[in-house]
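Here is a short briefing on a protein chain and its ligand. Please keep the sequence and the structure in view while reading.

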Amino acid sequence: MIRINENYTKLKASYLFSDIARRVNTFAAAHPGQPVIRLGIGDVTEPLPPVCVEALHAASDEMGQRATFKGYGPEQGYAFLREAIAQHDFAARGCAIDPDEIFVSDGAKCDCGNIQEIFAHDLRLAIPDPVYPVYVDTNVMAGRTGPNVDGRYEGITYLDCTPANGYIPAIPTAASDLIYLCFPNNPTGAVATKAQLAAWVDYARRHRAIILFDAAYESFIRDPRIPHSIYEIDGAREVAIEFRSFSKTAGFTGTRCAFTVIPKSLKAWDAAGHEHSLHAMWNRRHTTKFNGVAYPIQRAAAAIYTDAGRQQTRALTSFYLENAALIRKAMLQLGFTCSGGDNAPYIWVNVGRDSWEFFDLLLNRAQVVCTPGAGFGKCGEGHVRISAFNSRDNVVAALERIAQALK
Ligand SMILES: *Cc1c(COP(=O)(O)O)cnc(C)c1O
């Protein structure tokens with residue numbers, strides 16, 4: 001008899017987006033003349049930058065010619081893309097990352113979900129709350145946690161992100177082995193300073209731990225004091241893996257391209273105390289289970305590192321940041337405190353009441369959809385996430401309606 005991986009039965013079903021859809025559909029059916037504006041989405045709305053579209057066309061033509069056709073490429077990604085990444089994302093910021101420490105993939109979601117399989121089963125996990133659910137759920141599936149009790153899994157050290165700590169979690173007093181961090185943060189929009197990241201790197205070095213650093217929103221940073229990469233911190237090459245994605249940077253959510261950085265200096269140990277290279281292990285995993293990103297997609301990704309590409313992606317992220325600034329200003333004017341929106345496309349609003357109650361209020365009185373914070377973890381209660389991924393017209397109209405409704 002075939003049996004299942006029973007760890008899957010521990011997963012707390014995520015009703016967040018289906019609950020939102022149900023409430024929005026019910027409202028829409030009852031009020032057909034009142035169009036709803038969705039500021040709840042974590043997906044981009046603007047089309048691909050022209051440089052990417054041109055590169056896609058040119059690479060598709062190459063695929064149609066015998067002389068330039070490509071079959072399987074290197075699993076880790078083509079050298080032209082890895083070299084462009086190493087130069088523009090790392091060397092330009094003073095980080096020593098070699099092109100062959102970069103693994104190109106079809107998504108940061110897959111990579112930050114899959115990375116846990118190269119680590120031991122009985123590690124001590126430290127994961128922020130509120131959080132992007134992938135970090136938690138993939139460890140539950142792998143059997144690293146106990147059951148979910150009152151909204152939290154046994155066996156995880158939760159790093160509380162609250163108004164009191166400015167949504168930057170404190171360093172735990174106890175030891176951990178695998179630490180998940182995400183800056184700029186989804187959902188809180190918080191960013192970490194060099195000193196705050198340096199404290200995490202120091203903690204990881206003391207405990208011989210690994211930090212998994214999700215920098216999917218790095219391209220939204222505008223404050224020059226905020227680090228874009230964890231490798232801007234001394235010593236991070238010994239303790240950190242970084243995830244990046246073209247999804248939010250260049251509108252690739254439907255195009256699919258991302259990368260993970262695993263320095264060759266990263267070590268981890270077996271039960272007998274022998275040292276192993278995480279780069280070698282991930283290379284083994286990646287080449288066994290992945291066959292590379294499509295050539296035209298890698299060409300489109302490389303195009304963002306040209307002068308025109310950098311201008312176009314900067315304009316794209318700036319457009320969303322202008323939306324974010326409008327949302328942030330409107331929320332502050334209504335008397336709420338919020339984080340994010342200045343170096344991130346999300347505004348995390350402290351609504352001071354039940355997050356679903358506030359969701360219903362905005363939906364019913366303003367016909368605007370936000371994301372209730374409770375869906376991202378216990379510490380998300382009392383907050384909602386408002387996304388800047390939308391047209392300017394929709395953002396402006398939504399903010400007018402919210403101001404009317406909450407007057
Ligand atoms: C959107 C997002 C990603 C990117 O995922 P892709 O699979 O590359 O599209 C990664 N991490 C977080 C926190 C995100 O919100």
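Gln 367 counts as buried, because its relative accessibility is 12% and buried means under 20% relative accessible area, exposed over 50% and partly exposed in between, with a 1.4 Å probe and protein chains only. Gln 367 sits in the loop between helix 11 (355-366) and strand 15 (368-369). Its phi is positive, about 55 degrees, although Gln 367 is not a glycine. The model is a predicted one: local features need pLDDT of at least 70, side-chain atom pairs count only at pLDDT 80 or more, and totals for chains, interfaces and linings use all residues. Residues are numbered from 1 along each chain as its sequence is written, and side-chain values use heavy atoms, with hydrogens and water left out.

**Backbone geometry**

- Most residues other than glycine have a negative phi, and most peptide bonds are trans.
- Arg 256 has a positive phi, near 75 degrees, and is not a glycine.
- Arg 256 belongs to the loop between helix 7 and strand 10 (258-261). Helices (H or I, at least four residues) and strands (E, at least two) are DSSP runs, numbered from the N terminus.
- Arg 256 is partly exposed, because its relative accessible area is 31%.
- A cis peptide bond joins Phe 183 to Pro 184, with omega near -10 degrees.
- Pro 184 lies in the loop between strand 7 (178-182) and helix 6 (194-206).
- The peptide bond from Asn 186 to Pro 187 is cis, with omega near 15 degrees.
- Pro 187 is also placed in the loop between strand 7 and helix 6.

**Ligand site**

- Which residues come nearest to the ligand? Of the 14 residues around the ligand, they are Asp 214, Tyr 217, Ser 245, Ser 247 and Lys 248. A residue is near a molecule or strand if one of its heavy atoms lies within 4 Å of it.
- The shell around the ligand has six nonpolar, four polar and four charged residues. Here Ala, Val, Leu, Ile, Met, Phe, Trp, Tyr, Cys and Pro count as nonpolar, Asp, Glu, Lys and Arg as charged, and the others, Gly among them, as polar.
- An oxygen atom of the ligand is 2.8 Å from a polar backbone atom of Ala 108. A polar contact is a pair of N or O atoms within 3.5 Å; within protein, one must be able to donate a hydrogen and the other to accept it, and residues adjacent in sequence count only if both atoms are side-chain atoms.
- The side chain of Asp 214 has an N or O atom 2.7 Å from a nitrogen atom of the ligand.
- In Ser 245, a side-chain N or O atom is 2.7 Å from an oxygen atom of the ligand.
- On its own, the ligand has 380 Å² of accessible area, and the protein covers 93% of it. Accessible areas come from the Shrake-Rupley method with a 1.4 Å probe; for residues, only the protein chains shown count as cover.
- Helix 4 (108-114) and helix 7 (246-250) are the elements that give two or more residues to the shell around the ligand.

**Leu 278**

- Leu 278 lies in helix 8 (residues 278-289).
- Leu 278 counts as buried, because its relative accessibility is 0%.
- Beyond its neighbours within four places in sequence, Leu 278 is in contact (heavy atoms within 4.5 Å) with residues including Ile 118, Phe 119, Ile 210 and Leu 266.
- Ile 262 is another of these contacts. Leu 278 and Ile 262 are 16 residues apart in sequence and 7.2 Å apart in space, C-alpha to C-alpha.

- Glu 232 is in the loop between strand 8 (210-214) and strand 9 (240-245).
- Glu 232 counts as buried, at 19% relative accessibility.
- The Glu 232 side chain reaches the backbone nitrogen of His 228 at 2.7 Å.
- Not counting residues up to four places away in sequence, Glu 232 touches Arg 93, Cys 95, Lys 194 and Pro 227.
- Asp 61, in helix 2 (residues 50-63), is exposed, with a relative accessible area of 55%.

**Whole chain**

- The protein chain has 12 helices and 17 strands.
- Of its 407 residues, 52% count as buried.
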